[in-house]
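Here are my notes for you to read beside the structure. Please keep the sequence and the 3D view open, and look up each residue as it is named.

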Amino acid sequence: SSRSKAYFYLLVAVAIWGFAGPIIKFTLGTFDPLVFLTYRFFLTCLVLIPVLFISEPRSFQTLTHLSPHDWLILVVSGLLGTAGQLLLLFYGFSLTSSIDGTLISSTSPILVAFAGAILLHERVTRREKIGMTIAFAGTLIIVSQTFFESGQLFSGTSLGNLLVMAGNFCWVANVIMGKKLLRHHLSPLLQTTISFFLGFLAVSLILFTTKPTYLVYQQLTTNNLQPHMGVIYMALLSGALAYYLYRKAQKSIETSEADTFVYLQPLFGTPLAYFWLKEPITLPFIIGAIIIAIGVFLVERK
């Protein structure tokens, strides 16, 4: 069914985004966030634009039917969902741990559900409210573990965690605007392509007006292959594929229901952070992860 396909698309997208946290943290050890994002957006556009022209050559015709107001929503949504959200996310990850960053990112469904109910008049059932509350409680358990261990609410810097949370608000705005645009029959692939193209223009403009050219060249020509592989992962899988699958799933289910899958990101990202980056996994984290899974199951059980 279309709903089952949507669940599958979301699971794949969230798994990709879950693995992205540790990969971002590792790659930021070589690339400045602005260099990283410009490089990533360029590669994503290099893939998406030819794919769009080949697979959906007529999709551009739908743009001619948009009003100036819809065009404004399309541009603002694209900038918030790429340049805005990811700049905040990347600078936040550079200041905090990948586990904290992934967990804070996973709290966005509460904000999306709230905004979807108010702005899109989406219905949130009692079971969905209970499931989201349980999942959010699991996230709080994981985040608060460092308070009991060290007396500090977060193990990373306060600024880094605040930047990641600010990125959440950009993501919520992007999701709500994107849902409105889907109602105008804009294809998910077209929306994704436009978003990353706008993100590339914005971030590259900021990069070349704030960073010296020699520094950008020096980082991009590094002989270390691993950071380049990290950018390729973020460009092709976390960028092109995951964003497309998320948009495609949004066409079949409600925004609040789709974004609940984001709670699963720590279940994918944490093992990678533990084995690769040697970030610790504690008992409160395991308990919180189980509670998150129970909450997501309650929301998506139908």
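1. At roughly what angle do the axes of helix α3 and helix α8 cross? In this predicted model, the axes of α3 (residues 68-95) and α8 (residues 188-210) cross at roughly 55 degrees and come within 8 Å. The two helices are therefore oblique to each other, and the crossing in which α3 passes α8 is right-handed.

2. The axes of α2 (33-55) and helix α10 (residues 225-250) come within 9 Å and cross at roughly 50 degrees, which makes α2 oblique to α10. Here too the crossing is described as right-handed, with α2 passing α10.

3. On the α2 side of that contact lie Phe36, Tyr39, Arg40, Leu43, Thr44, Val47 and Leu48, while the α10 side includes His228, Val231, Ile232, Met234 and Tyr243. Taken together, the residues of the contact of α2 with α10 divide into 12 nonpolar, 4 polar and 1 charged.

4. How many salt bridges does a search of the whole structure find? The search finds 1 salt bridge, and this is formed by Lys211 with Asp32, whose closest N and O atoms are 3.5 Å apart. Lys211 lies in the loop between α8 and α9 (213-220), whereas Asp32 lies in the loop between α1 (2-27) and α2, so the pair ties together parts that are 179 residues apart in sequence.

5. Lys211 has 24% relative accessibility and counts as partly exposed, whereas Asp32, with a relative accessible area of 16%, is buried.

6. Finally, is helix α4 mostly covered or mostly exposed? Helix α4 (residues 98-105) is mostly covered, as 8 of its 8 residues are buried. The buried residues of α4 include Asp100 as well as Ile99, Leu103 and Ile104, and Ser98, Gly101, Thr102 and Ser105 are buried too.

Key: Residues numbered from 1 in each chain as written. Predicted model: local features only at pLDDT ≥ 70, side-chain atom pairs only at ≥ 80, totals over all residues. Heavy atoms only, no water. Axes fitted to C-alpha atoms, helices over the stretch in contact; angles between N-to-C directions. Helix = DSSP H or I, 4+ residues; strand = E, 2+ residues; numbered from the N terminus. Parallel < 35°, antiparallel > 145°, perpendicular 65-115°, else oblique. Left-handed = near helix turned anticlockwise from the far one by under 90°. Salt bridge = Lys/Arg side-chain N within 4 Å of Asp/Glu carboxyl O. Buried < 20%, exposed > 50% of the residue type's maximum accessible area, 1.4 Å probe, protein only. Contact = heavy atoms within 4.5 Å. Nonpolar A, V, L, I, M, F, W, Y, C, P; charged D, E, K, R; others polar.
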